[in-house]
Structures are given as structure tokens and as C-alpha cells.
Amino acid sequence: MGSLIARRLAGALAVVASVIVVTFLLTRALPADPAVYFAGIGGTKEAIAAMRAKLGLNHGLLTQFLVYVRALAVGDLGHSLTTGHPVIDDLARRLPASLELTISALALASVIGLPAGIAAAVWPNSWFDHLVRVMATIGVAVPTFFTGLMLLHVFYFDLGWAPAPLGRLSTFAVPPPRVTGFYLIDSLFAGDLPTFAAALSQLALPALTLALFAVAPLARATRAAMLEVLASDFVRTARAIPLGRAKILFVYAFGNALLPVLTTIGMVFSFLLGANVLVEKVFGWPGIGSYAIDALIAADYAPVQGFVLLMAILYILLNLVIDIAVIVADPRTVGA
Amino acid sequence: MEVARSLRYMRLRPGSGSLILVAVLALVGAVAPWIAPYDPLATDVAAALQPPSVIHWFGTDAVGRDLFSRVLVAARLDLSIAVAAVALSFVVGAAAGAISGYLGGWIDGAIGRVTDTIMAFPLFVLAMGIVAAAGNTVANIIYATAVINIPTYVRVARAEVLVRREAPFVHAARLAGNGPARVLAFHLFPNVAAPLIVQASLNMGYAILNAAGLSFIGLGVRPPTPEWGIMVADGAAYIISGEWWVWLFPGLALTGAVLAFNIAGDGLRDFFDPQRRS
């Protein structure tokens with residue numbers, strides 16, 4: 001088991017290395033000459049030349065790459081022209097907002113999707129199975145930003161249950177003292193229940209929007225995995241013994257169906273990280289996605305590149321965790 | 001008898017209805033400028049933000065443009081972007097995958113490394129990064145959407161070529177004096193085309209969603225060009241004041257198009273590969 005995990009770690013490191021090469025190439029493919037761009041509007045010839053030397057653009061590509069890697073090693077992702085802060089600080093400040101949203105959505109999607117998939121597999125071709133299939137087909141076809149607008153129209157405009165889509169807390173509210181950066185957790189640490197309720201009501205709709213997008217693949221994968229396991233010999237044996245229905249279903253069958261479901265969760269997370277950007281825009285959510293959008297529109301490239309790199313590393317990390325979880329959860333790899 | 005049965009079989013599958021819908025979509029995209037009741041760019045400030053009515057079926061937007069005409073004409077751009085992106089990733093991905101599977105060795109390793117690297121990114125985020133780096137144009141949206149889809153085709157083509165590489169008909173072709181390029185293009189490729197075409201049709205819906213997502217966040221398509229993603233983004237400004245028609249109809253058109261392509265792709269897959277039907 002240990003050697004398998006070590007191999008996964010080495011593989012992840014190799015992927016991080018190639019991701020860094022790609023983000024480096026993206027920085028060098030800037031539409032305009034980066035030196036002219038960073039020298040600012042009205043930069044003189046001398047200023048541009050100085051900037052070119054400062055950015056190392058007068059060196060060969062390999063030297064430039066080494067300079068880029070050295071800067072990355074100390075967390076230097078450049079400066080944002082729009083906020084005036086180092087990109088790394090902006091990202092660090094905004095990351096918890098995005099993670100709180102994505103993780104809540106993934107949790108919500110699992111709570112809906114896994115039981116729905118299990119039920120659909122237990123009663124195949126029942127009305128519920130058909131309902132799950134129809135909902136899954138529609139679920140992957142509706143753009144996330146459109147789901148968000150429909151939910152907002154019903155729950156904010158028509159019913160008035162949801163707060164205005166203006167971020168994590170209303171403008172007049174004071175955020176809880178920062179411990180984790182997750183408002184839900186920090187407000188509980190501070191024992192501040194009204195803030196917790198306010199943060200939860202702001203989070204509910206964006207998290208639901210993202211979750212609806214992720215439910216479909218999760219339910220589909222769970223159904224397929226459960227159908228396969230339920231048809232296997234060991235489940236038939238367990239039924240013949242007979243073990244209790246609930247024990248067979250949740251311990252023996254679901255335990256073995258968990259591996260493909262875990263893999264699907266990894267894939268869904270990739271979708272969620274992308275869709276997160278769209279949901280942040282719809283709900284005015286101050287995460288790293290809306291930061292990247294604002295920078296993109298302002299032709300401020302350093303934040304976008306920092307954002308792409310951070311997202312890729314997050315995704316690689318998550319896949320690593322899932323790979324290790326699969327190895328740990330799979331009884332066949334014990335002792336390997 | 002046999003033909004009648006297979007016709008009946010095809011007619012009853014949900015895929016065939018959606019194939020018709022896809023054809024209708026393509027037709028609408030093609031003739032939209034001539035059947036649209038209004039000029040999609042013509043503004044009429046006196047008739048701004050009108051709810052749907054007999055005169056304006058889908059209502060009007062903030063500067064009085066007819067939304068029905070705009071939704072119709074937008075089909076053209078949205079479908080063209082998706083078709084171009086899918087075609088590009090099909091050609092590049094299938095060629096790279098087939099070469100990778102046929103030759104093996106360091107070429108296979110190098111191509112595998114590139115696809116693994118692409119797959120290491122959350123794909124929509126990578127598309128954003130590419131458009132940011134290459135420039136904010138519609139052409140770059142097509143390239144970005146193509147790049148993020150290439151690994152799928154590489155994998156399918158490589159796997160299919162790999163299992164046939166040592167097949168008797170390939171040996172025969174080689175013995176007859178065909179070089180590697182000829183064997184790949186004229187003997188192997190026709191045999192692996194079906195799963196690739198299925199993949200392409202399954203990919204269309206995703207390509208539409210991806211391109212619309214990029215234009216929703218303000219990339220590529222410039223206003224006032226009619227395009228579904230940017231029209232929904234325009235409408236999002238009215239969520240507070242409740243002019244729902246501005247975002248609802250382009251959103252529905254987008255969803256309908258994706259749904260049609262997805263169901264058609266599923267139907268096509270079941271037709272070519274009945275064993276994998278879920």
C-alpha cells in the first residue's frame with residue numbers, strides 16, 4: 001500500500017511540473033509584448049527596455065523559465081494592476097470564499113445524488129429510476145449560470161426568501177473574526193449565531209446551483225456501480241445466508257460500489273471548479289473566480305495566470321487525495 | 001422484414017427524435033437571418049424592456065431589440081463555434097491518438113504526457129487561461145474549446161488503434177507494401193471512426209456549454225452580437241427588477257440545444273454500441 005501511495009505522489013509531482021510549464025507558456029503568449037504591457041500606458045522606450053530587463057525577457061526562453069520557477073518558489077505570482085496587491089495575497093484572501101462554496105455544493109450534491117443513485121439501482125426501471133434518469137439528462141444540459149438565475153428569480157424575486165445576490169454577507173454585516181476563512185465555521189467559533197444564519201442564507205442558493213449541476217453525474221455513477229455490485233455473487237450469497245437487507249445494501253454493496261463513486265467525485269470536482277467561476281459571477285460571490293473574471297475584463301493578466309495555476313494545483317491535490325482514498329478503501333491493495 | 005424491423009427499432013428510440021431536433025436547430029441557424037421578424041441589432045428605445053407579446057414573442061431588451069429575432073440569429077454563432085471546436089479537436093485528437101497507438105515508443109509517451117497535462121486542469125479554467133493568453137476573440141474561444149476536448153479523442157483513437165495494430169488485416173496491408181501513413185489512414189482509421197464519431201456527437205453539447213460559459217463571463221463575443229451566453233449575461237442585470245424574459249429565452253434556447261445534442265449523442269452511441277447501453 002505504501003509503495004502505491006508513493007507512486008501516486010511521484011505522479012502528482014510530475015503533473016505539477018508539466019502544469020507549471022503550461023502556465024509559463026501561457027504567460028509568454030500574452031497578446032501584447034509583456035514589457036510594453038507592464039511598463040504601463042505611456043511607457044517610454046527606456047521604461048520598456050528597463051521592464052524587459054527586469055522581466056528577463058532579453059534572456060533565452062530557458063533562462064526565463066528558471067526565473068519564473070524561482071519566483072514561484074517564493075510565492076511570487078506578480079502584481080495585480082487592478083487591486084495593486086501581490087496576486088498571491090489576493091488569492092489567499094479570496095480562496096476560502098470559493099472553497100466554502102465548492103465544498104458545500106459537493107456535500108449537498110452527494111447528499112442528494114448518492115441516495116438517489118442507490119434507490120434507482122435498488123428499484124431499476126421503477127418510476128423513481130426513470131425520474132432519476134430524466135433529471136440527470138436535464139441536469140447536465142442546463143448551464144450553471146442559467147440554473148442560478150432561475151433559482152434567484154423564484155426564491156429572491158418571486159418569493160423573497162433568499163437575500164440579494166451580493167456576496168457572502170450583506171454589506172452592513174461584519175464578517176466573523178477570521179480563523180479558517182469559512183464564514184459558517186468562523187461564526188460558530190465566535191458563537192455568533194445570527195451571523196451564521198446570515199452567511200448560511202447567502203450561501204444556500206449559490207451552493208444549490210452548483211450542487212444541481214453535480215448531482216446528475218454522481219447519481220448516474222452511483223446507480224451504475226450499485227447495479228453491478230448488486231448483481232454480483234457475494235451479494236447473492238449474502239442474501240442467501242440471509243443477512244439483513246439494510247446491512248447487505250449499505251455495508252456490503254455500497255462499500256464495494258464506493259470506488260467508482262469516489263473516482264466520479266474527482267471528475268465532478270473538476271466541473272465544479274470551472275462552474276464555480278460562473279456561479280461566483282451570478283451571485284457576486286467574492287471568490288477567486290470572480291477575481292479572475294474582473295482581471296480578465298480589465299486585461300490584467302497576472303491574476304488570471306495565478307488563478308489558473310492555483311486551480312490546477314487544487315485539482316491535482318484533490319485527485320491525489322482521492323487516489324489515496326481509493327487505495328486505502330480498496331481491500332485488495334492492503335499489504336500490496 | 002429485417003429493414004422494417006430496424007426502422008421500427010430506430011423510430012422508437014429517443015435518439016431519433018433528438019436527431020430531428022438537431023437538424024431543425026441547424027436549419028434555424030442557417031436561415032435565421034431571413035426568418036427573423038426583426039433585425040437582431042435594430043434598437044427601438046421607445047419599446048425597451050417590453051414583456052413578451054404578440055408583436056415581440058420573447059419581449060425586448062434594454063434598448064428595445066427584439067429578443068425572438070436575437071435568439072434565432074444567435075443559434076448560428078453558438079452552433080458554428082461548437083461545430084468548429086469539435087471538428088478541430090476531432091481532427092487533431094484522432095490523428096495524435098492514432099499515431100500514438102500505432103507507433104508506440106517515445107512518441108506515445110510524449111503525446112500521453114501532453115494529454116495528461118491538459119487533463120490536470122479544471123477544463124473550463126484552462127479554457128479561460130488560454131483565451132486570456134491568446135487574446136479575447138471568438139477564434140480563440142474555438143481554439144480553447146478544441147484544446148480542452150482533444151484528450152478525449154486521443155484516448156479513444158489510441159485505444160481503438162492499439163487493439164487493432166496487430167490484427168491480420170493490418171498485417172496484410174503492411175505486407176502488401178503500404179507504409180505506416182497509408183496503413184493508418186486507409187486501413188486502420190475507417191475501422192476506428194465509429195466510436196470517434198459517437199464521441200464527437202456526445203461532445204457537441206459540452207462544447208456549446210463551454211463556449212456559452214466563456215461568453216457569459218465576457219470573453220470572445222462582443223456585444224451587440226447576438227449569442228446565447230452573452231444574452232443571458234445581459235439579462236442577469238435585471239434579476240433584481242424582475243424582467244425575466246431577457247435572460248429566460250436565451251437560456252432556454254441554450255439548454256434545448258445542449259439537451260438535443262446530448263440525447264442525439266446517447267442515441268448514436270446506443271446504435272453503434274448496443275452493449276454499452278446504460
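Q: How many helices and strands does the secondary structure of chain A come to?
A: In this predicted model, chain A has 13 helices and zero strands. Read from the N terminus, its elements run α-α-α-α-α-α-α-α-α-α-α-α-α.

Q: What are the spans of the C-alpha trace of chain A along its principal axes?
A: They are about 85 × 55 × 40 Å. Within chain A, 38% of the 336 residues are buried.

Q: How do you know what share of the contacts in chain A joins residues 24 or more positions apart?
A: Take the contacts with a separation of 6 or more: residues 24 or more positions apart account for 71% of them.

Q: What makes Leu81(A) partly exposed?
A: Leu81(A) has 16 other C-beta atoms within 10 Å. A residue needs 20 or more to be buried and 12 or fewer to be exposed, so with 16 Leu81(A) is partly exposed. You can find Leu81(A) in the loop between helix 4 (61-73) and helix 5 (87-122) of chain A.

Q: How far apart are Leu81(A) and Ala295(A) in sequence and in space?
A: In sequence, 214 residues separate Leu81(A) from Ala295(A), while their C-alpha atoms are 8.4 Å apart.

Q: How many residues of chain A are in contact with chain B, and which elements give two or more of them?
A: On chain A, 42 residues are in contact with 39 residues of chain B. The elements giving two or more residues to this side of chain A are helix 1 (2-28), helix 6 (127-139), helix 7 (144-158), helix 11 (245-283), helix 12 (288-297) and helix 13 (301-329). Helix 13 of chain A supplies the largest share, eight residues. Sorted by class, the side of chain A that touches chain B has 35 nonpolar, six polar and one charged residues.

Q: Why is helix 13 of chain A called roughly antiparallel to helix 5 of chain B?
A: Helix 13 of chain A packs against helix 5 (residues 123-134) of chain B at an angle of about 155 degrees, and the axes are 10 Å apart. Angles over 145 degrees count as roughly antiparallel, so helix 13 of chain A is roughly antiparallel to helix 5 of chain B. The crossing of these helices is left-handed.

Q: Which residues make the contact between helix 13 of chain A and helix 5 of chain B?
A: From helix 13 of chain A come Tyr301(A), Val304(A), Gln305(A), Val308(A) and Met311(A). Helix 5 of chain B brings Val125(B), Leu126(B), Met128(B), Gly129(B) and Ala132(B). By class, this contact has eight nonpolar, two polar and no charged residues.

Q: How do helix 5 and helix 6 of chain B cross?
A: The axes of helix 5 and helix 6 (residues 138-164) of chain B come within 9 Å and cross at roughly 145 degrees. The crossing of helix 5 and helix 6 of chain B is right-handed. Among the residues making the contact are Leu126(B) and Ile130(B) of helix 5 and Tyr143(B) and Val147(B) of helix 6. This contact of helix 5 with helix 6 of chain B has 11 nonpolar, two polar and no charged residues.

Q: Why is Asp39(B) called partly exposed?
A: Around Asp39(B), 13 other C-beta atoms lie within 10 Å. Exposed residues have 12 or fewer and buried ones 20 or more, so Asp39(B), with 13, is partly exposed. Asp39(B) sits in the loop between helix 2 (14-35) and helix 3 (67-103) of chain B.

Q: What separates the C-alpha atoms of Asp39(B) and Asp270(B)?
A: Asp39(B) and Asp270(B) are 231 residues apart along the chain, and 42 Å separates their C-alpha atoms.

Technical notes: Residues numbered from 1 in each chain as written. Chains lettered and ligands numbered in written order. Predicted model: local features only at pLDDT ≥ 70, side-chain atom pairs only at ≥ 80, totals over all residues. Helix = DSSP H or I, 4+ residues; strand = E, 2+ residues; numbered from the N terminus. Contact = placed C-beta atoms within 7 Å. Nonpolar A, V, L, I, M, F, W, Y, C, P; charged D, E, K, R; others polar. Axes fitted to C-alpha atoms, helices over the stretch in contact; angles between N-to-C directions. Parallel < 35°, antiparallel > 145°, perpendicular 65-115°, else oblique. Left-handed = near helix turned anticlockwise from the far one by under 90°.
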